[in-house]
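Q: Please go through this model with me. I want each label set against its cut-off.

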Amino acid sequence: MKNPFSKKISNENFELSMRRYEAFFKGEVYDRPPVCITFWKEAAANKPEPKTYATHRDRWMDVEYRAKEASWQIDSTEYYADALPTYFPNLGPEIFSAICGCDYYFGPETTWTSPNIIDWERDVDKAVMSRYNEYFIAIDKFIRELLKYSKDKFAVGFTDFHAGADHLAALRDPQNLCTDLIDYPDFVKSKLKSSYDEYFKLYEYFYNMTTLEGEPTTSWINLVVDGRYNVVQNDFSCMISTKMFEEFFLGGIIEECNKLDHSIYHLDGPNAIKHLDMLLEIKKLDAVQWVCGAGNEGFHRWIPVYQKIQKAHKGVYLGIDISELDDVFANLKPDGIWFTWIGGIKDKEQADKVLERIRNWK
């Protein structure tokens, strides 16, 4: 892949980083694991004038300003080691469900929907994707605005589209979906199939939009891929048994992975760990992001989870504090590790020492 970040990253560094990421996807290691380190260096020019808004919705939906601000933020960031400049057009985690007709609400930090399938027989045809939907139009515009600034500087990602169970949970409400698996299994399976068809069309639309501009593919997890890549997830899975997970949702996750050149699974919370064995058996799944949840932090608490992922030859998304490096070296191998962030690095001198320690890890 030609270096798409020539204004920010040298060709030599880009090629070397991409070799490290390719090894990560294979559960292997090149010369060392990839490490993402960034430093803030506020740009002297082109900082957008601050704006005030009457509502949170107005702020979220001002995509022209947000794209301009994103470009300035990337100009103000030094990408060190294997960090690559990316940006995803965030309109909240249930944007796909909003595009499919759910009412959408905006808060200071996140967004949420209200269900639009109250009765399966009466409402199921209301929850369908439309390119005339205001949120589809907003994401489309957001990406086009970002592409005005991104040439040779940063990759424009997909937004946080949740397909499968998370989408149905938004359409129905999570508690209702739990009982639907018992009371209305045929409706659930039918809607899963039709909504995946919609999701895959949505993916292809935005994939073609970005790649026709010469962009690589990225997402809200900022891996950079020449080809189809996305984050696969099922946050709803923490509420159900492994039997229900396998019956209703595993097939869709496998289908998502099969349609992608590279994928990473977002495993969210301790109650989702019970599904990990099944996920690690998915041949086309490349890597796992384990998110322990607030109050459960600490690398040492989750060593068996990381070891299980590594033993399956999947890539390991790993964010740690600098004080935890010795624990990582003692309990894992460098194969398939991606240090997505290392807290506590204050300057380049310290960063170089950390990189040398990681390079010497065997």
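A: Start with Asp 152: its relative accessibility is 26%, so Asp 152 counts as partly exposed. Buried means under 20% relative accessible area, exposed over 50%, and partly exposed in between (1.4 Å probe, protein chains only). This is a predicted model: local features need pLDDT of at least 70, side-chain atom pairs count only at pLDDT 80 or more, and totals for chains, interfaces and linings use all residues. Residues are numbered from 1 along each chain as its sequence is written, and side-chain values use heavy atoms, with hydrogens and water left out.

Q: Where does Asp 152 lie?
A: Asp 152 sits in the loop between α6 and β6 (155–156). Its phi is positive, about 60 degrees, although Asp 152 is not a glycine. Helices (H or I, at least four residues) and strands (E, at least two) are DSSP runs, numbered from the N terminus.

Q: Why does His 313 count as exposed?
A: His 313 has 57% relative accessibility, so it counts as exposed. His 313 is in the loop between α12 (303–311) and β10 (315–321).

Q: Why are α6 and α9 called roughly parallel?
A: The axes of α6 (residues 134–150) and α9 (residues 185–211) cross at roughly 20 degrees. Angles under 35 degrees count as roughly parallel, over 145 as roughly antiparallel, 65 to 115 as roughly perpendicular and the rest as oblique. Therefore α6 and α9 are roughly parallel to each other.

Q: What makes the buried residues of α8 line one face of the helix?
A: In α8 (residues 174–183), Leu 177, Asp 180 and Leu 181 are buried. Seen down the axis of α8, the buried residues fall within an arc of 105 degrees, so they line one face. The arc is that of the directions from the helix axis to the C-beta atoms.

How values were computed. Axes fitted to C-alpha atoms, helices over the stretch in contact; angles between N-to-C directions.
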